[in-house]
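Below are some notes on the sheet, the aromatic residues and the nonpolar core. Please read them alongside the model, which is predicted.

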Amino acid sequence: MYFFWCMQSENIYIDITRRFNCGRIRTIISSGQAVVLYRIAIMSKDGDWIIREEEEAFEHVLNILEEYGAQYRFGAPLDIRWLRGGWSSHFEFRHENLRVRTDFVSRPPRITSEQLARLWRKNENTEIPVVDLPLLAELKKTNREKDYVILGELARKMASLEEQMLYSRSARDLADMNGRAPGLAQKLSAQRPLLALLGGRVDEIEKALDAERRELIHANERRLARYGEAARGWAEVWPDVQKDIASMPLKEAHRCIVSRAIENLPFVPEGGRHDG
């Protein structure tokens, strides 16, 4: 039973999540708002959700967004054909003098299909569905330096020593964990090679953490570049599309955007989306 949607909140992102999930779970809070819910940040200016890859879920979310007077921002249409290719959809609306931005993916980066399926099962009867700590840490492996500070704080909140060791950004924390669980680092080093250095000098571990962060940043830059190149034609026509839809209700604008995107935005970029 889903009684939670009737509850009141001072957070528009929580309120709208309840509306998205009226009757069944269709969306899971991720990224910045998830960081807020885990009490690592006070606020986030955007709302990010993983959306269930079903037509009913997409239709329901569009209906709710239209009620709020939302408009499309540049990105892919909120359509399964694009989101299953790893694209994201972006909207904004005004609410009580606040500019609310809402972003959606159905196949978030660095998360496999199996992990995603487990996440949906885990959240099936959750009051406020939110991505779990390890998957949120994967989402924070971006090209933004500030996200690695957040990633390190997420690791400190993780339930198991194994999870903490896989995601910690502190050489001293890792050394302490290694002392508490001898042998665990070697066991996990196939997943995270720098763990093989534990037991050695702290400054060498710090160098390895810096190198790991740089490689993760570059990996995400390469991913974004692939999508950016695929969206070049869409970016060129977007100013005209935006003018055409400026006065349209969202559902009508959505139909227009879909018809134009089919001609200008591939469902999957070249070398496109794959698990992880």
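**Notes on the sheet and core**

1. The open sheet is built from 5 strands in the order β1-β2-β5-β4-β3, with mixed pairing. The edges are taken by β1 (27-30) and β3 (71-72); each has a single partner strand, so one side of each is left without a neighbour in the sheet.

2. Helix α5 (residues 113-122) packs on the sheet and touches β1 and β2 (46-51). The direction of α5 makes about 100 degrees with that of β2.

3. Strands β4 (residues 89-95) and β5 (residues 98-105) run antiparallel and are joined by 7 bridges. Within this pairing, F93 has V100 in β5 as its bridge partner.

4. There are 11 aromatic pairs in the structure. In one of them, W49 and F104, the ring centres are 5.3 Å apart and the planes lie at 20 degrees; the pair is therefore stacked, the cut-off being under 30 degrees. This pair links distant parts of the chain, with W49 in strand β2 and F104 in strand β5, 55 residues apart. W49 and F104 are both buried.

5. F104 also forms an edge-to-face pair with F91, at 5.9 Å centre to centre and 75 degrees between the planes. Here strand β4 supplies F91 and strand β5 supplies F104, 13 residues apart. F91 is buried, as is F104. One aromatic cluster takes in Y13, F20, W49, Y72, F91 and F104.

6. Which residues touch the most other members of the largest nonpolar core? Of its 83 residues, these are L65 and L78. Leaving aside residues up to four places away in sequence, L65 touches I16, F20, A70, F91, F93, T102, F104 and L250.

Notes. Residues numbered from 1 in each chain as written. Predicted model: local features only at pLDDT ≥ 70, side-chain atom pairs only at ≥ 80, totals over all residues. Heavy atoms only, no water. Core = buried A, V, L, I, M, F, W, Y, C linked by side-chain atoms within 4.5 Å. Buried < 20%, exposed > 50% of the residue type's maximum accessible area, 1.4 Å probe, protein only. Contact = heavy atoms within 4.5 Å. Pairing = 2+ DSSP bridges. Helix = DSSP H or I, 4+ residues; strand = E, 2+ residues; numbered from the N terminus. Axes fitted to C-alpha atoms, helices over the stretch in contact; angles between N-to-C directions. Phe/Tyr/Trp six-rings, centres within 6.5 Å; stacked < 30°, edge-to-face > 60°.
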